[in-house]
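Hi,

Here is the structure I promised to pass on.

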Amino acid sequence: MDTETVADVVTEVVLPGVVEPSGLEIRVRPAPEPATGEVVLALEASGVSFAEQQMRRGKYYDQPPFPFVPGYDLVGVAVQVGAGVDSSLIGRRFAGLTKVGGWASRVVLPATDLVEVPGALDAADAETVVVNGITAWQMLHRVAKVRAGGTVLVHGANGGVGSTLVQLATHAGIRVIGTASPRHHEAVRALGATPLDYRATDLPARVRELAPGGVDAVFDHVGGDGIVDSFRLLARGGTLVSYGTAATRDVAGSSKLPVLKLLARLFLWKLLPNCRRTHFYNIWAGKRRSAAFHDRLRADLGQVFALLASGAITAQVAARFPLSRAAEAVRLAESGTVTGKVILVPDPGQDAPDPH
């Protein structure tokens, strides 16, 4: 270790099993070498998404076997390329979806998976809208296809996806009703939504007061029995977009059963002749059709990056922690006390080269 440089090794956060945040392990191993068609990114920012919170409990639908390195997405500078990759990529900043593996100081990705980040954007700001921005943009514009003048209900409007979705919808001329705990109502209102307490027993009635004819879309990451109210609040022609099962995050048992129950319910509703649509959003859908999947990803994230760079939407960085303090980052992200996304950055001495 004494003779190794930072470039010779990679520091990573390992999830060894179902553990409390304090059980996360920091490990050092030899730095990865890129194979043909691959690029090595030096980490500038990764984030704590809801997916990692589920993985820590063994509750994410298709997580790999323990142990593994979490990290659903990242932003970093290309420092090495494999055979067949244009060397001009070196020194430029890119974003990438990883599902796992992002919580590391060096990450290898296929060059085809990378989306260039506008030079004016701060890496942490850009990181807040990688998986969150793609998810929000595609649910709003590709799935629900809500038009200007419509009204939508966003559950968890203070969260990473929710806060991005509120801003994208507002920018598109769409009225937003956003649920959150009262402590976040001021922040949700500042984003452009009308806040409602998600714990209110009369929540459906409150939504109906604001949208008597129902809403054009509901974006629901909660799942569970509350999904019934989400469906009932739809206007004729409206769309329920489900994209998670947060209600069962802390419930012991199978990670797959809650998702399968949700999918069955959505499918049955889809068969009803009531002019309402249901959809379960999966960011990885269509990945087998690789070219089309990556074209769509680059186009959609490019749109979100452009809005962020122009100031039309703002990055919601809840806090920044070095990789070595990942346990603290996870605890904060799971506390329900923040708006936006908790970001992980390299430890001092592991900083990526300046792309400018």
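Predicted model: local features only at pLDDT ≥ 70, side-chain atom pairs only at ≥ 80, totals over all residues.

Residues are numbered from 1 along each chain as its sequence is written, and side-chain values use heavy atoms, with hydrogens and water left out.

Now the overall picture. The chain has 10 helices and 15 strands (DSSP runs numbered from the N terminus: H or I of at least four residues for helices, E of at least two for strands). Its C-alpha trace spans about 70 × 40 × 40 Å along the principal axes, and buried residues make up 54% of the 356 residues.

On to the rings. I get 5 aromatic pairs in the whole structure; rings of Phe, Tyr and Trp (its six-membered ring) pair if their centres lie within 6.5 Å, and planes under 30 degrees apart count as stacked, over 60 as edge-to-face and the rest as tilted. One of them is phenylalanine 231 with tryptophan 269, stacked at 4.5 Å centre to centre with 5° between the planes. Phenylalanine 231 sits in helix α7 (residues 227-232) and tryptophan 269 in helix α8 (residues 257-271), so this pair ties together parts 38 residues apart in sequence. Phenylalanine 231 and tryptophan 269 are both buried. Tryptophan 284 and phenylalanine 293 have ring centres 6.3 Å apart and planes at 15°, so they are stacked too. Both of these residues are buried, and ring pairs link Trp284 and Phe293 with Tyr60 and Tyr72 into a cluster.

Then the charges. There are 15 salt bridges, meaning a side-chain nitrogen of Lys or Arg within 4 Å of a carboxyl oxygen of Asp or Glu. Glutamate 334 meets arginine 57 in one of these, at 3.1 Å, N to O. That pair links distant parts of the chain, 277 residues apart: glutamate 334 is in helix α10 (residues 326-334), and arginine 57 is in the loop between α1 (50-56) and β4 (73-81). Glutamate 334 counts as buried at 17% relative accessibility, as does arginine 57 at 18%.

Another bridge joins aspartate 295 and arginine 298 at 3.0 Å, N to O. Both lie in helix α9 (residues 290-310), 3 residues apart, about one turn of the helix.

Cheers

Conventions. Buried < 20%, exposed > 50% of the residue type's maximum accessible area, 1.4 Å probe, protein only.
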